[in-house]
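Here is a short tour of one protein model, written to be read with the structure open beside you.

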Amino acid sequence: MDIITKYFPSLTQLQKEQFAALYDLYLDWNSKINVISRKDIENLYLHHVLHSLAIAKYISFRPGTTIMDMGCGGGFPGIPLAIMFPEADFHLVDSIGKKVRVAGEVAKSIGLKNVRTSHSRAEEIKEQYSFVVSRAVMQLPDLVKICRKNISKEQNNALPNGIICLKGGDITHELLPFKNVCETIDISNYYSEEFFKDKKVVYVQI
């Protein structure tokens with residue numbers, strides 16, 4: 001938990017309590033439903049929570065912003081972002097029902113009022129949002145193809161509406177179709193830990 005306050009020192013007491021509660025909740029749920037690798041659960045804050053919050057380093061969502069987490073799994077990046085931005089609204093979507101259930105139960109357990117979940121394929125979601133976020137769900141061209149319909153034309157953030165995703169490794173080929181509407185930020189610009197050295201935040205304006 002200290003690693004979260006290291007990079008986000010201005011958290012409210014409630015936010016600190018919500019982040020602190022995540023470990024026991026995910027440990028408990030993971031013993032029933034494998035949403036995080038069993039070997040990786042001890043790295044929850046570094047590999048999952050802090051990684052998700054790289055998006056919060058890139059953009060500060062204004063109150064009233066609507067965000068869909070596409071392929072949320074057990075709730076990443078959506079739940080850490082929902083804690084960080086309590087006045088934004090998050091819709092967590094995944095095609096695997098048991099994972100979405102974990103995300104919903106964790107959100108309920110820590111009192112997040114700005115999260116709702118759907119067991120659904122993203123292709124079936126017709127609503128529109130300011131942003132779609134995701135973490136290593138699929139190749140960027142496929143993600144953009146599926147989610148373009150979900151991006152609202154109504155703007156209320158400093159950054160134009162679009163898709164923000166967390167990626168790792170060499171993604172040069174994925175970015176080629178978007179070179180004029182895309183920005184890539186090395187997460188190592190935000191965090192010094194070795195884990196982040198090849199990880200990126202990728203933004204595509206829609």
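How many bridges join strand β1 to strand β2, and do the strands run parallel or antiparallel? This is a predicted model, and in it β1 and β2 run parallel, joined by five bridges. To find one of these pairings, look for Thr66, whose bridge partner in β2 is Asp89. Strand β1 is mostly covered, with four of its five residues buried.

The elements discussed here can be located as follows.

| Element | Residues |
|---|---|
| Strand β1 | residues 66–70 |
| Strand β2 | residues 89–94 |
| Helix α2 | residues 13–32 |
| Helix α6 | residues 97–109 |

Now turn to the two helices. Helices α2 and α6 pack at an angle of about 145 degrees, and their axes lie 11 Å apart; the crossing is right-handed. On the α2 side, Leu22, Leu25, Tyr26 and Trp29 make the contact, while α6 brings Arg101, Val102, Glu105, Val106 and Ser109. By class, these contact residues comprise six nonpolar, two charged and one polar.

What about the interior? In soluble globular proteins, nonpolar side chains tend to be buried together. Here the largest nonpolar core has 56 residues, and Leu22, Tyr26, Leu53, Phe61, Ile79, Phe90 and Ile164 are those with the most contacts inside it. Setting aside residues up to four places away in sequence, Leu22 touches Leu44, Tyr45, Val49, Ile79, Ile83, Val106 and Ile110. There is also a second, separate core of 20 residues, and among its members are Met68, Cys165, Phe178 and Val204.

How values were computed
Residues are numbered from 1 along each chain as its sequence is written. This is a predicted model: local features need pLDDT of at least 70, side-chain atom pairs count only at pLDDT 80 or more; totals for chains, interfaces and linings use all residues. Side-chain values use heavy atoms; hydrogens and water are left out. Axes are lines fitted to C-alpha atoms, for helices over the stretch in contact, and angles run from 0 to 180 degrees between N-to-C directions. A crossing is left-handed if the near helix is turned anticlockwise from the far one by less than a right angle, and right-handed if clockwise. Contact means heavy atoms within 4.5 Å. Ala, Val, Leu, Ile, Met, Phe, Trp, Tyr, Cys and Pro count as nonpolar, Asp, Glu, Lys and Arg as charged, and the others, Gly among them, as polar. A nonpolar core is a set of buried Ala, Val, Leu, Ile, Met, Phe, Trp, Tyr and Cys residues joined through side-chain atoms within 4.5 Å. Buried means under 20% relative accessible area, exposed over 50%, partly exposed in between (1.4 Å probe, protein chains only). Two strands pair if DSSP finds at least two bridges between them.
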